[in-house]
Amino acid sequence: METPTWPRVPSPEAAVARMLLLIWVLLQVARTSGTTEVVVAYNLTWKSTNFKTILEWEPKPINHVYTVQISPRLGNWKSKCFYTTDTECDLTDEIGNDVNQTYQARVLSYPADATDYSGEPPFTNSPEFTPYLETKLGRPTIQSFKQVGTKLNVTIRDTRTLIRRNGTFLSLRDVFGKNLIYTLYYWKASSTGKKTAKTNTNEFLIDVDEGESYCFSVQAAIPSRKANQKSPESPIECTSHEKGTFTGVLLIIVIVVLVVLILIIILSVTLYKCRKVRAQQSGKESSPLNAA
């Protein structure tokens, strides 16, 4: 006769082990599920003008946040803009340490409530960026201008950057030196034909026609670059001789009026004297007749 087989009852230790294993699997699934819901940044773009440098990216976060890291080539990563919901990060201070260095940034994505996140977050790398070669030149500003006779003097304001050395903000001229060229476009106000002049300083002194009004604008450039060589042109400024012309005309009118007045006075005096002389002569001629 066969002995009946009874179901095996697991020991308490085995049951606890299985329960712990199940919990661990569920935690891994939850973690994996949460990670896949985090959107990875894309379209990372450097925006830089006169070394003011911002990294931009997409998309706008919904259930996640971003942290940005930046590193010079072969350097260590430094974190900026921690757990932000913005889609841009100002990295001017970091690239300002050495504008000739080549930098790379990356944007890390985290779950919105994971400020103590210990896993490896997904991230996207930016293109490399060399500030000295790639920052755009801003529109220059004409500080002053003066036309005297046949000379036109134009001075360009030395644009300040956010790059510091020894506590002082450097100008574009401080950073680029003689590599920074300014081009002056100038023309007679009554004409459209443009002439150009170039300088590696911040001042122009050019020959012009005396008595003519001139208009002009300025453009900055770094000819040694392969890209982003030129800035936008400055607003147009013009000299004017209208005030001088008006003053000259007014002076001529005053002189003419004075001359006319003097002539009138002289003529009046002359006529008066002539009448007086005639009156006297008439009196003398009538005297003998009265005596007779």
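The legends below describe close-up views of a predicted model.

Residues are numbered from 1 along each chain as its sequence is written. Because the model is predicted, local features need pLDDT of at least 70 and side-chain atom pairs count only at pLDDT 80 or more, while totals for chains, interfaces and linings use all residues, and side-chain values use heavy atoms, with hydrogens and water left out.

**View 1. Confidence along the protein chain and at residues 28-36.** The protein chain has a mean pLDDT of 85, with 80% of its residues at 70 or more; pLDDT is the predictor's confidence in each residue, from 0 to 100. Over residues 28-36 pLDDT stays under 50, and the model has 1 contact beyond four places in sequence for this stretch (contact means heavy atoms within 4.5 Å). Where pLDDT is low, the predicted coordinates should not be read in detail.

**View 2. The open sheet of 4 strands.** The strands follow the order β13-β12-β15-β16 with antiparallel pairing; strands (E, at least two residues) and helices (H or I, at least four residues) are DSSP runs numbered from the N terminus, and two strands pair if DSSP finds at least two bridges between them. β13 (195-199) and β16 (237-238) stand at the edges, each with a single partner strand, so one side of each is left without a neighbour in the sheet. Strand β12 (residues 181-188) pairs with β13 over 5 bridges in the antiparallel sense, and Leu 184 stands opposite Ala 197 in β13.

**View 3. The salt bridge between Glu 94 and Lys 78.** The closest N and O atoms of this pair are 3.3 Å apart, a salt bridge being a side-chain nitrogen of Lys or Arg within 4 Å of a carboxyl oxygen of Asp or Glu. Glu 94 lies in helix α2 (residues 92-95) and Lys 78 in strand β4 (residues 78-84), so the pair ties together parts that are 16 residues apart in sequence. Glu 94 is buried, with a relative accessible area of 10%, whereas Lys 78 is partly exposed at 44% (buried means under 20% relative accessible area, exposed over 50%, partly exposed in between, with a 1.4 Å probe and protein chains only). Lys 78, Lys 80 and Glu 94 are linked in a network of salt bridges.

**View 4. The salt bridge between Asp 209 and Lys 188.** The side chains of Asp 209 and Lys 188 meet at 2.8 Å, N to O. Asp 209 lies in the loop between β14 (203-207) and β15 (214-221) and Lys 188 in strand β12, so the pair ties together parts that are 21 residues apart in sequence. Asp 209 is partly exposed at 37% relative accessibility, and Lys 188 is partly exposed at 27%.
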